[in-house]
Amino acid sequence: MLRLLSFALFIATWWIASLVIGDAKLPAPPVVLAAMIAEAKSGALFLNLGATLARVALAFTLAMALGSAIGYLMGRVSLANRLGDPWLILLLNLPALVVIVLAYIWAGLTEVAAIAAIAINKLPTAVVTLREGARALDPALDEMATAFSFPPGRTFRHVILPQLAPYIAAAARSGLSLVWKIVLVAELLGRPNGVGFEIGVAFQLFDIPLLLAYSLSFAAVVLVIETLLVQPFETRLSRWRLRAA
Amino acid sequence: MQLEVGITGKSFASAAGKRHDVLANITFTLNAGEVGVLFGPSGCGKSTLLKILAGLDHNYQGRVARPAGVRLGMVFQEPRLLPWRTVEQNVRLAAPDVDDGRLAALFEVLELSAHRHHFPGELSLGLARRVALARAFAIQPDVLILDEPLASLDNALAGRLRDQIATLVASRRMMTLLVTHDLDDAVRLGDRLFFLSARPARILHVETIAAPRAERSEKEIGAIKARLSQLDLANI
């Protein structure tokens with residue numbers, strides 16, 4: 001209910017702003033909705049959203065899997081940490097644009113280059129978060145697992161993974177928002193489809209309704225994924241914690 | 001089957017780089033069915049000794065001979081339960097082969113039946129300790145190590161838990177090592193009492209109590225305690 005109200009407030013503000021600024025710069029909601037429907041009817045909207053989503057899913061999975069493994073290793077093995085740390089600092093501070101442009105130059109304007117570039121942008125934050133998680137592992141529980149001779153698989157699943165879960169969730173949450181942002185840049189610079197490409201086209205034609213139609217559809221998809229996937233996952237992870245009465 | 005302990009020394013370097021001797025000469029053997037009690041002042045290295053005996057710390061001088069393939073059950077000073085697993089899951093993870101009947105009986109003795117599906121965060125310290133005990137007993141250990149299982153519980157509760165431990169220890173022939181700094185617990189539960197000195201710990205005195213645990217009368221217990229207090233071991 002509260003969410004609906006805040007959505008209505010958003011639409012109202014938009015509408016008033018468009019009346020003040022003028023249709024040329026900020027079209028009113030019905031105009032944008034019409035553009036959205038036109039794109040949906042032609043199928044282009046779903047094609048482009050689908051392409052973007054697929055890139056996000058691939059790059060995100062790749063970066064999370066690799067980043068978690070590297071981060072865990074760096075948190076547990078000090079040699080790995082000393083070897084990896086300079087690379088990590090370099091990657092953390094490398095602008096996304098540099099990675100994307102270099103990937104396109106070296107690997108061509110290909111899907112592989114785009115996904116790799118997005119994944120590389122997200123990778124270091126996952127590594128940093130998981131490294132902290134691995135450092136915070138409780139040695140007392142490790143001892144317990146050793147004393148009761150837990151096999152490695154059981155220790156990992158029941159002792160280590162639950163301790164890392166909040167860190168994985170944090171890395172996923174911040175990583176997802178980062179990937180949403182970067183994927184559009186990668187598409188704008190070197191892909192023939194996707195939301196980023198369409199926004200680039202709309203920008204060149206100064207087609208503001210189209211630009212807003214894609215931006216808002218994209219935002220809607222992000223919201224749906226957050227509400228239906230990310231938040232329930234976080235709730236499930238923390239179900240053993242005592243809830244405030 | 002017996003546990004042979006022949007530790008000649010254990011030390012560690014502090015953060016400042018200084019060497020600290022924690023254990024000196026500690027030699028004893030413990031037979032199956034016996035309860036050995038390690039009794040000594042706080043901070044004398046009892047927990048370090050237990051860690052060595054449990055095989056969690058290999059960095060010491062001397063040797064500890066445990067019979068091959070023994071199952072070890074351990075109750076740490078803090079319960080050390082997995083907070084994200086329920087009471088029953090905590091026990092079953094340590095003892096995957098435990099059958100339902102035995103588990104139910106164990107929970108019955110320890111008065112945990114109502115708490116099977118609770119998470120450790122929802123339990124009091126006394127209850128969490130009992131879950132840790134259930135976990136150690138569920139694996140049907142050959143060697144049982146108890147690190148101050150009764151510390152910081154009120155008297156009534158500690159007394160009940162002590163009786164429960166006695167019941168469980170009697171139910172299976174195993175080597176039990178108990179750390180405590182309560183003389184009463186030591187005399188009621190132990191067959192052989194090892195009195196340790198302050199750091200670096202060595203054995204000052206071994207007291208063997210011949211009467212079986214169940215047959216010790218209050219009078220005998222009182223007499224043994226009085227005699228041991230006269231030795232004034234705590235202040236040597």
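**A helix pair in chain B**

Analyst: In this predicted model, helix 3 of chain B passes helix 4 of chain B in a right-handed crossing. Two packed helices are described by the angle between their axes and the distance between the axes. Here helix 3 covers residues 100-109 of chain B and helix 4 covers residues 125-138 of chain B; the angle at which they pack is about 145°, and their axes lie 10 Å apart. On the side of helix 3 of chain B, the contact is formed by B:L103, B:L106 and B:F107, and these meet B:A134, B:F137 and B:A138 of helix 4 of chain B. Sorted by class, this contact holds six nonpolar residues, with no polar and no charged ones.

The contact between the two chains draws 14 residues from chain A and 17 residues from chain B. On the side of chain A that touches chain B, the elements giving two or more residues are helix 7 (139-147) and helix 8 (152-190) of chain A. Helix 7 of chain A gives the most, with six residues. By class, that side of chain A has nine nonpolar, two polar and three charged residues.

A:L83 belongs to helix 4 of chain A, which spans residues 78-93. A:L83 counts as partly exposed because it has 13 C-beta neighbours inside 10 Å. A:L83 and A:L5 are 78 residues apart along the chain, and their C-alpha atoms are separated by 52 Å.

Notes:
Residues are numbered from 1 along each chain as its sequence is written. Chains are lettered from A and ligands numbered from 1 in the order in which they are written. This is a predicted model: local features need pLDDT of at least 70, side-chain atom pairs count only at pLDDT 80 or more; totals for chains, interfaces and linings use all residues. Helices (H or I, at least four residues) and strands (E, at least two) are DSSP runs, numbered from the N terminus. A residue is buried if 20 or more other C-beta atoms lie within 10 Å of its own, exposed if 12 or fewer, and partly exposed in between; C-beta atoms are placed from the backbone. Axes are lines fitted to C-alpha atoms, for helices over the stretch in contact, and angles run from 0 to 180 degrees between N-to-C directions. A crossing is left-handed if the near helix is turned anticlockwise from the far one by less than a right angle, and right-handed if clockwise. Two residues are in contact if their C-beta atoms, placed from the backbone, lie within 7 Å. Ala, Val, Leu, Ile, Met, Phe, Trp, Tyr, Cys and Pro count as nonpolar, Asp, Glu, Lys and Arg as charged, and the others, Gly among them, as polar.
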